[in-house]
Amino acid sequence: MYDVFITKASKYLPNEPVANDEMETYLGLINDAPSKAKSLILRNNKITTRYYALDKEGNPTHSNAQLTAKAIEGLFDENFKKEDMKLLSVGTTSPDQIQPSHASMVHGELNIGKSIEINTSTGLCNSGMNALNYGFLSVKAGVQESAVCAGSERMSAWMTADKFNHEAENLKLLEERPIIAFKREFLRWMLSDGAGAFLLQNKPRETGISLKVEFIDFYSYAHEIEACMYAGCDKLEDGSLKSWADYPSDEWLKQSIFAIKQDTKILDKYILVKGAESLRSSFDKHNLDPEKIDHVLAHISSGYFKDGLKEEFAKKGMDFPAEKWFYNLSEVGNIGAGSIFIALEELMNSGTLKKGEKVLLCVPESGRFAYSCALLTVC
């Protein structure tokens, strides 16, 4: 078994940052009417700017595969060239197509000129950590000497007004208010685009910061809790999901079946409690002392959860002081599977890390409540 190190991190954020009052310029007005929920959601999530792979007319400027490839290209230098790649492992919630796989499309964009091993992890926020784990285990087992891992999202294309106009128009014909359901509109004001990438190798770089990956743990609570965040389906009264394939095609637009949705009542009830429970399990499993953690990077979907997460961790005996927490949500937005990559890239390249420090990564996934965490040592 080999030690595994993150030897370089890179990110790509498309175009210019988009302020709150510009969002509907890019995403459009549903049925030409300003959102009534937008201001409330933005006040709670505390996001002030985000990035869209769109121009101001709502036209795409990048595909998800292109965003991911541009982040990965930032890893290449004289010590690790494009042709040195042997394993590409990527994760996303929002691939550009159902098939081929996201990794196949990224491989094509990179134009490496040779065959490599690829892996795609799909799902929600944990798909980035799943992709990282695949690379970590491959290098640790000695299957590969290095791995390129990435997490990315292009959610803006899912949130443009044209995707919802049919639903709103259908409600108008039924003499109901011509607005879309909150569970669908909620995420229009939460999600952002971008990609982050790590280079994993079986030895640290001779100069600069490297991060040794001590462990990556995963937990799922799908055996206890119904789905909270979902797309390509709708939730029935009994909590089960009805697949897009079981709906007549003329209902796909009327009910925004392919839109990503959030059950906010279930989210508030479980997301923090189960996050603390899972992290406590990892601390017990690895016999970790919370006081020995120097930096805490917790992916949160909204600033609304920031204080509550700290409190729930403290209840489980993991009371990390405020100065140890690192967030960039307000500046870059919620980039789902790419968020933890982009946050760690910023911290890793900040010049503040010191040899021997411990960095904790925590990622929740509200799909059906899955969690991951990782411990890194600065070297």
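I began with K358 and E214, whose side chains meet in a salt bridge at 3.9 Å, N to O; the term stands for a side-chain nitrogen of Lys or Arg within 4 Å of a carboxyl oxygen of Asp or Glu. K358 lies in strand β14 (residues 358-365) and E214 in strand β8 (residues 211-220), so the pair ties together parts that are 144 residues apart in sequence; helices (H or I, at least four residues) and strands (E, at least two) are DSSP runs, numbered from the N terminus.

I note that this is a predicted model, in which local features need pLDDT of at least 70 and side-chain atom pairs count only at pLDDT 80 or more, while totals for chains, interfaces and linings use all residues. Residues are numbered from 1 along each chain as its sequence is written, and side-chain values use heavy atoms, with hydrogens and water left out.

I then looked up accessibility, where buried means under 20% relative accessible area, exposed over 50% and partly exposed in between (1.4 Å probe, protein chains only). K358 counts as partly exposed at 24%, and E214 likewise counts as partly exposed at 30%.

Next I took D217, which forms a salt bridge with K285, the closest N and O atoms being 3.3 Å apart. D217 lies in strand β8 and K285 in helix α10 (residues 264-285), so this pair links parts 68 residues apart in sequence. D217 is buried at 5% relative accessibility, whereas K285 is exposed at 57%.

I also found K310 paired with D319 in a salt bridge, with 3.3 Å between the closest N and O atoms; K310 is partly exposed at 26%. Salt bridges that share partners join K8, D77 and R205 into one network, and my search of the whole structure finds 15 salt bridges.
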